[in-house]
Amino acid sequence: MDMNRFRLRSFVEKLIELGEVEIHEEPVPLADLSRIIEETPKATLFRKAGPEQVEVVAAVCGSRSRVAAALGVEYRQAPHEYMRRMANPQPVIEVPSKEAPAHEIVLAGEDADLTKLAFHVQHEFDGGTYISSGIDYTVDPETGRTNVGCRRLMLRGRHEMRSNLTNNSDLKKIYLKCLERGQRLNVSFVIGSHPIDFLAAGLRLPADEFALVATLRGEPLSMVRGVTNNVPVPADAEIVIEGYFDELGHRELEGPYGEGYGYYGPMHIDPVFHVTAITRRKDALFQSLLHSGQNLSRADSPNIAALNAEVAAWKALRAAGIEPAVICAPTSTGRQQHVRVAIKQKNPDDARRVISALFAVPRFKHVFVVNEDIDVFSDEQVEWAMATRFRADKDIVIETGFPPHYMDPIIAGDDVMTKVGFDLTVPFGWPDRVENRVAHAPRFEKPARFKAVSEALKSKPMYFAELMEAVGSRDGREIALELDRLREEGMLTRLEDGEWALKLRA
Ligand SMILES: Cc1cc2nc3c(=O)[nH]c(=O)nc-3n(C[C@H](O)[C@H](O)[C@H](O)COP(=O)(O)O)c2cc1C
């Protein structure tokens with residue numbers, strides 16, 4: 001097995017080749033990392049971060065094209081490549097510790113000092129220093145089922161941290177069951193993962209989630225058991241924090257923390273995680289995510305979640321018997337509250353059917369449907385479709401009574417979410433008249449077919465630019481003069497859409 005193919009460092013090297021990384025060779029204090037990370041749309045690589053001068057990379061997943069590069073495709077192909085991989089399950093293979101790069105250095109007990117890791121403050125009002133890039137691996141002690149998720153980590157002491165286990169998640173469910181039995185829960189956090197592992201971790205499926213990582217990678221996944229907690233993690237990880245959530249349950253305040261919606265999540269009561277070992281590669285690359293801010297399309301989790309949301313939309317529409325042309329979940333909303341779908345309109349109710357199928361997907365709040373000529377990845381084009389093809393009295397669908405997303409700031413405290421569908425398609429059956437066509441610059445590509453304007457118009461009526469091309473004009477003014485001569489001779493007329501035509505002789 002190639003233990004470097006899916007290691008984070010290899011992916012960062014690929015991004016450097018693509019010109020996607022801003023590199024800081026100078027020493028940078030940990031306090032300045034977040035400001036620098038937030039200022040650039042690129043990923044950021046710090047060669048000497050903090051007093052230990054460690055290498056830190058951030059915002060690796062902070063653009064659609066970088067997430068698509070992780071799948072080895074152009075971003076419009078990413079949902080299709082993702083679905084192709086999901087249809088080809090891959091196994092997990094256990095490898096011994098000596099074969100695992102993640103175990104090149106093992107620090108256990110007192111040596112497992114969290115303060116040697118680059119926890120850093122990420123947002124102005126955060127409750128402390130954080131690691132934002134943790135991917136947690138667990139095996140449910142009751143069922144044996146494996147679980148993977150992303151969870152932030154707040155530094156508490158040299159050997160303890162807090163994590164956010166407040167929201168509903170499988171990890172929380174597994175932990176609560178352990179508490180009922182008076183047990184602790186062994187978990188390992190990987191710091192430094194390939195973007196594909198984040199895609200898998202962002203899914204909540206009733207399945208063996210370790211195998212999901214393998215399946216999305218598109219090849220078998222080598223995993224190695226923890227040296228102190230026996231929990232398997234990818235053997236190619238950069239850094240692993242092993243330990244357990246203790247049996248005392250939710251008891252300490254965690255947060256506030258800059259959240260995916262661009263606002264802060266409040267403090268809540270969470271459990272304490274005890275570290276039993278830190279293992280790593282010799283040349284481990286520490287990872288940070290850009291998590292919140294005002295340019296959410298540059299942050300990691302909106303780009304990870306957007307692809308997961310687009311795949312969910314493809315599946316929901318296909319299940320409803322609808323084949324969309326293109327789907328985009330805009331990353332600037334942070335949490336995929338919006339979804340845009342381009343369709344080839346065949347029936348008057350096509351847009352409505354898309355809206356109703358996507359209202360059933362919990363995460364989508366606002367659904368926008370456009371014709372195929374609109375690029376759903378272009379804010380400009382969707383805005384234009386809204387301005388010119390949408391009538392609020394006819395083209396809006398509003399339904400309420402949906403369960404809200406607990407973090408949506410406008411819904412907070414309410415127990416229902418209202419969903420809106422915007423039909424931005426042209427009125428069905430719009431006549432093909434010149435005033436209904438989209439204006440584009442002319443392209444003169446075909447060779448001349450006629451010597452004179454009158455000869456060209458004898459073949460058929462023509463629009464002005466069509467006429468220029470037909471006679472090989474590279475100017476146009478001489479055509480205007482020639483048309484005027486024909487008009488004076490009484491030979492010329494105009495058709496309804498503006499084509500020039502010769503008058504029919506009586
Ligand atoms: C970067 C990132 C950070 C996240 N942090 C948390 C977190 O701290 N707590 C949480 O409950 N969910 C968090 N999530 C969402 C969960 O990882 C996600 O819901 C996942 O599907 C949960 O997995 P599980 O239900 O299998 O445990 C985060 C997601 C991302 C992409």
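Contact is taken here to mean heavy atoms within 4.5 Å, and helices (H or I, at least four residues) and strands (E, at least two) are DSSP runs numbered from the N terminus. The structure is a predicted model, in which local features need pLDDT of at least 70 and side-chain atom pairs count only at pLDDT 80 or more, while totals for chains, interfaces and linings use all residues. Residues are numbered from 1 along each chain as its sequence is written, and side-chain values use heavy atoms, with hydrogens and water left out.

The protein chain contains 13 helices and 27 strands, and its C-alpha trace spans about 105 × 50 × 45 Å along the principal axes. Of its 506 residues, 53% are buried (under 20% relative accessible area, with a 1.4 Å probe and protein chains only). Among contacts between residues at least 6 apart in sequence, 67% join residues at least 24 apart.

Helix H9, which comprises residues 350-359, is mostly covered, with 7 of its 10 residues buried; these are Asp350, Ala351, Val354, Ile355, Ala357, Leu358 and Phe359. The cover over these buried residues includes helix H8 (300-319) together with strands S22 (338-343), S23 (366-371), S24 (396-402) and S25 (417-423).

Around the ligand lie 19 residues, of which Asn147, Cys150, Arg151, Asn164 and Asp170 come nearest, a residue being counted if one of its heavy atoms lies within 4 Å of the molecule. A backbone N or O atom of cysteine 150 is placed 2.9 Å from an oxygen atom of the ligand, and a polar backbone atom of aspartate 170 is 2.8 Å from a ligand oxygen atom.

Key: Buried means under 20% relative accessible area, exposed over 50%, partly exposed in between (1.4 Å probe, protein chains only). A polar contact is a pair of N or O atoms within 3.5 Å; within protein, one must be able to donate a hydrogen and the other to accept it, and residues adjacent in sequence count only if both atoms are side-chain atoms.
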